Amino acid sequence: MSPISPMPNMPNTTNTTTISTEGAPSRRNTELALLAFAVLIPCFAYANVGLAMDGEMPSGLLGYGMGLGLMAGVGHLVVRKFAKYADPLLLPLATFLNGIGLVIIWRLDQSPRLQARKFFTASATNQLMFSALGIALFVAVLVLLKDHRILQRYTYISMVAALILLVAPMFFPAKFGARIWITIPGLGSIQPGEFAKIVLAIFFAGYLMVKRDALALASRRFMGLYLPRGRDLGPILAVWAFSILILVFETDLGTSLLFFGMFVVMLYVATERTSWIVFGLLMSAVGAVAVSTFEHHVQERVTAWLHPFDAFKDGSSDQIAQALMAFGSGGVFGTGWGQGHSDLIGFAANSDFILATVGEELGLAGVMAILLVYGLIVERGVRTALAARDPFGKLLATGLSGAFAIQVFVVAGGVMGLIPLTGMTMPFMAQGGSSVIANWALIAVLIKISDTARRPAPAPAPSPDAEMTQVVRP
Amino acid sequence: MNKPVRRIAIFCGLLVLALMIRDNWIQFVQADELKSNKHNRRVTIARYSQPRGNIIVDGQAVTGSQETGGIDFKYKRTYKNGDMWAPVTGYSSQVFDANQIEKLEDKVLTGDDDRLFFNRTVDMITGKGKKGGDVITTLNSKAQEAAFKGLGDKKGAVAALDPRTGKILALASTPSYDPSKIAGAQDDKAWKSLQDDKNQPMLNRALRQTYPPGSTFKVVTAAAALENGLYKDVDSKTDSPLPWILPDTRVALENEGSIPCKDASLRVALQYSCNTVFGKVSADLGNKKMMDTAEKFGFNKPVDTPVRAVPSVYPKDNRPQNAMAGIGQASNRATPLQMAMVAAAVANNGKLMEPYMVDKLRAPNLNVIEHHQPKQMNQPLSAENAQKLQSIMETVVEKGTGTAAQIDNVKVGGKTGTAQHGVDNSGNPYAWFISYAKTDNGSPVAVAVVIEGSETVRDDIAGGKLAAPIAKSVMQAVLATEK
């Protein structure tokens with residue numbers, strides 16, 4: 001028996017992370033250049049809508065362009081000052097989506113067909129205000145949050161906050177078949193689920209970071225899967241039960257799916273155990289099927305998904321069919337800004353169904369571009385997780401990007417008839433204050449994590465025992 | 001922890017990929033289907049977003065467009081004299097789609113036709129809106145008016161053709177409806193009452209309704225006799241006993257009154273409308289030969305004018321039924337257009353021209369994008385036999401049952417018919433008349449008229465009395481414009 005021989009040619013300079021002690025470029029100028037595009041493209045779109053619909057340059061163009069430009073500029077300056085090494089793509093991508101969303105909302109405001117509807121109010125101005133609030137929150141997060149690891153301290157406070165945010169809507173009247181709003185008379189309503197997404201991610205990240213070893217290691221092997229111990233099943237069962245409760249009491253399939261999905265993703269990352277994914281899928285399947293057997297609202301959604309065109313026979317909501325026809329009528333290149341009829345969707349054309357307008361007016365090409373932008377945001381988020389040096393940051397970044405990806409999938413998939421429609425908003429694009437504000441906060445947290453991750457590590461202090469490690473050759 | 005994060009990255013990528021594949025599915029693969037889905041209002045919105053092209057008769061538009069000020073539909077279809085032209089134009093409704101020419105030539109009328117691509121492009125570059133093209137029909141407004149007025153409040157239909165070309169000159173159906181009344185977005189009530197009306201005003205009887213042809217079918221039977229060589233001469237005696245027993249039965253076929261039918265020549269038999277003679281001709285020829293001749297005249301096939309006329313039928317049948325079919329009283333049925341085609345083929349010396357009603361399609365800049373060329377459809381009988389048949393049909397009008405259709409100084413040939421129908425012939429009989437007029441330039445018009453009997457004229461419904469005068473005025477209208 002020969003002694004274990006060390007690998008002889010192991011290079012000792014292998015760099016397994018993206019972090020190096022050499023000063024990484026901050027990429028702030030790249031961000032600025034990309035931001036210029038992210039502001040200019042929506043401005044052209046805005047002008048295009050005006051020319052197509054009224055035959056003249058829209059009078060609001062200057063205000064709109066300056067507004068968006070100002071928001072982007074403030075965002076950029078704050079990033080430059082407070083998160084110098086942040087990922088350069090996240091801010092421009094979010095700005096771009098926000099800008100395009102504003103143009104579509106403004107375009108739908110002009111639609112006489114929507115104006116003729118009861119309860120329709122023009123929302124572009126409000127949305128611009130909400131976007132500004134979103135940027136304000138973005139700035140606040142960057143300025144006030146010195147390091148994302150501070151959030152770890154608030155693990156259990158986050159849990160309480162998330163519970164309150166999620167439970168609160170149950171006590172307010174349902175709107176359009178779902179209880180997901182907190183209505184404050186005179187002030188309007190907010191959708192706390194959007195904020196709960198972030199707070200919950202903080203809680204999961206903090207909790208899993210502490211418990212990951214117990215969850216990962218203490219398990220029995222059964223049929224090739226590592227089964228967790230019964231008492232470790234507690235948290236996943238609790239989250240599962242909670243998701244089901246949301247589904248039953250708030251009749252909100254999307255939120256429920258989003259939270260459970262996010263939890264399973266984070267659990268998997270924390271424990272590296274595939275069995276959790278299997279459990280998660282099984283449990284969501286069981287939950288969804290069980291609830292749909294008695295929850296009328298969920299059944300309706302599934303029927304509407306399977307037979308969208310039956311709406312014309314039985315007089316139920318024809319939104320999905322109208323959205324599909326909007327996509328189909330757009331074809332490959334679309335009708336051009338302002339020349340489609342996606343307003344036929346009627347209710348929620350500028351929020352949940354906003355992607356259908358992209359589909360009709362910008363065509364397959366436009367939707368692919370928008371989906372790519374969403375995909376890029378998600379992948380930049382995951383990239384941040386890979387680069388993050390601390391497990392909390394990794395978990396938080398994965399959780400937030402995973403939640404973002406699931407939300408995009410659930411909304412876009414619902415609108416395009418890939419999965420049953422669940423009534424969530426397209427991040428950044430859809431009309432709705434809570435959504436745009438919360439998503440700016442989400443981007444701010446990701447930017448903060450990426451800043452920490454990409455920041456050049458301080459030159460390692462000469463380690464006292466560095467010299468003592470020696471390769472002993474036989 | 002990086003391995004699961006990478007896997008999550010792949011998972012998120014797959015989610016986006018799934019969305020992209022789905023998007024390609026609905027925006028590329030299924031796009032056309034969704035675009036033209038019958039629930040897709042964009043089709044109608046586009047159809048009424050600019051004034052529609054017009055349907056033109058004798059250089060005058062019989063349709064129009066009116067601005068509505070509505071959100072969905074900027075324009076609405078209007079019709080001039082809609083009741084009269086409905087069997088030609090069809091309707092174009094903002095809610096209930098469209099039919100007939102309005103539907104078939106919709107692409108030209110809305111300007112979406114591929115052949116208008118150049119026009120559209122030029123208009124787009126010069127900043128003009130899209131414009132629809134026009135459909136120029138073959139119809140003769142005077143003849144149409146004569147037909148429609150002649151039918152009056154009776155239930156019936158008229159089809160008139162130019163035998164030399166197949167041009168449809170008149171196409172009337174009563175009771176009719178005004179398509180203007182169902183063109184708008186709020187016309188549900190009018191639509192419903194039309195649908196519920198038991199007189200079926202929206203039924204285009206000239207093309208879409210088949211009737212037992214009655215004695216007018218004897219013209220086809222006579223043609224079959226001549227073509228198959230059963231009888232060579234229209235003036236020599238036929239082998240026709242009286243009474244004559246239907247084959248395989250003990251029932252004697254009756255004639256209307258005591259008319260000289262025993263061994264009557266074809267001329268005399270047609271003049272008096274002898275059931276026995278033609279029943280026996282049909283029996284002697286057999287089902288196969290009768291069916292062949294009928295099919296040469298256009299039976300058993302739909303005719304696209306381009307508006308589709310339902311097939312007239314001459315079915316396979318047993319011997320007694322086939323004999324009855326020879327006098328148009330069995331399960332053979334014909335549309336008014338079909339019977340006009342029969343008269344036209346005879347009048348055009350045996351050549352049957354394909355009937356059509358769209359002469360030209362015209363681009364908004366007045367360029368003709370399609371000009372229909374007359375086509376021969378068939379030759380059901382030789383020129384020689386056709387002339388023999390003409391001569392006996394002319395006898396019918398001269399001194400037979402069709403004297404009501406005589407026109408001074410013009411040779412008119414025709415045949416009356418009174419078709420029994422219903423259980424035990426209890427229904428009011430149908431009065432038929434088919435005829436043609438001949439000038440030095442061949443025959444410019446062949447016409448078929450059918451009138452569904454009404455209670456008041458039950459005893460007195462012979463085709464010669466009710467239908468022949470209408471045919472006469474239609475022929476006169478065409479002859480007047482011919483000069």
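Let us begin with a stretch of chain B: in UniProt, an unreviewed entry places the feature "domain: Penicillin binding protein A dimerisation" at residues 52–135 of this chain. UniProt positions follow the numbering used here, feature names are shortened, and such annotations may be inferred rather than shown by experiment. What you are looking at is a predicted model, in which local features need pLDDT of at least 70 and side-chain atom pairs count only at pLDDT 80 or more, while totals for chains, interfaces and linings use all residues. Residues are numbered from 1 along each chain as its sequence is written, and chains are lettered from A and ligands numbered from 1 in the order in which they are written.

Now follow the strands. In chain B, five of them form an open sheet with mixed pairing, in the order β2-β1-β5-β13-β14; two strands pair if DSSP finds at least two bridges between them. Because β2 (60–61) and β14 (368–371) of chain B stand at the edges with a single partner strand each, one side of each has no neighbour in the sheet. Strands of a sheet pair through backbone hydrogen bonds, either parallel or antiparallel. Within this sheet, β1 (residues 55–57) and β5 (residues 134–137) of chain B run parallel and are joined by two bridges. On β5(B), B:I136 is the bridge partner of B:I56.

Next, turn to where the chains meet. The contact (C-beta atoms, placed from the backbone, within 7 Å) takes 45 residues from chain A and 33 residues from chain B. On the chain B side, α1 (2–29), α2 (31–35) and α3 (41–47) each supply at least two residues, and α1(B) gives the most, with 19 residues. The chain B side divides into 17 nonpolar, eight polar and eight charged residues; here Ala, Val, Leu, Ile, Met, Phe, Trp, Tyr, Cys and Pro count as nonpolar, Asp, Glu, Lys and Arg as charged, and the others, Gly among them, as polar.

Finally, visit a loop residue. B:D408 sits between α16 (383–399) and β16 (411–419) of chain B. B:D408 counts as exposed because it has 5 C-beta neighbours inside 10 Å; with C-beta atoms placed from the backbone, 12 or fewer others within 10 Å means exposed, 20 or more buried, and in between partly exposed.

How values were computed
Helices (H or I, at least four residues) and strands (E, at least two) are DSSP runs, numbered from the N terminus. Two residues are in contact if their C-beta atoms, placed from the backbone, lie within 7 Å.
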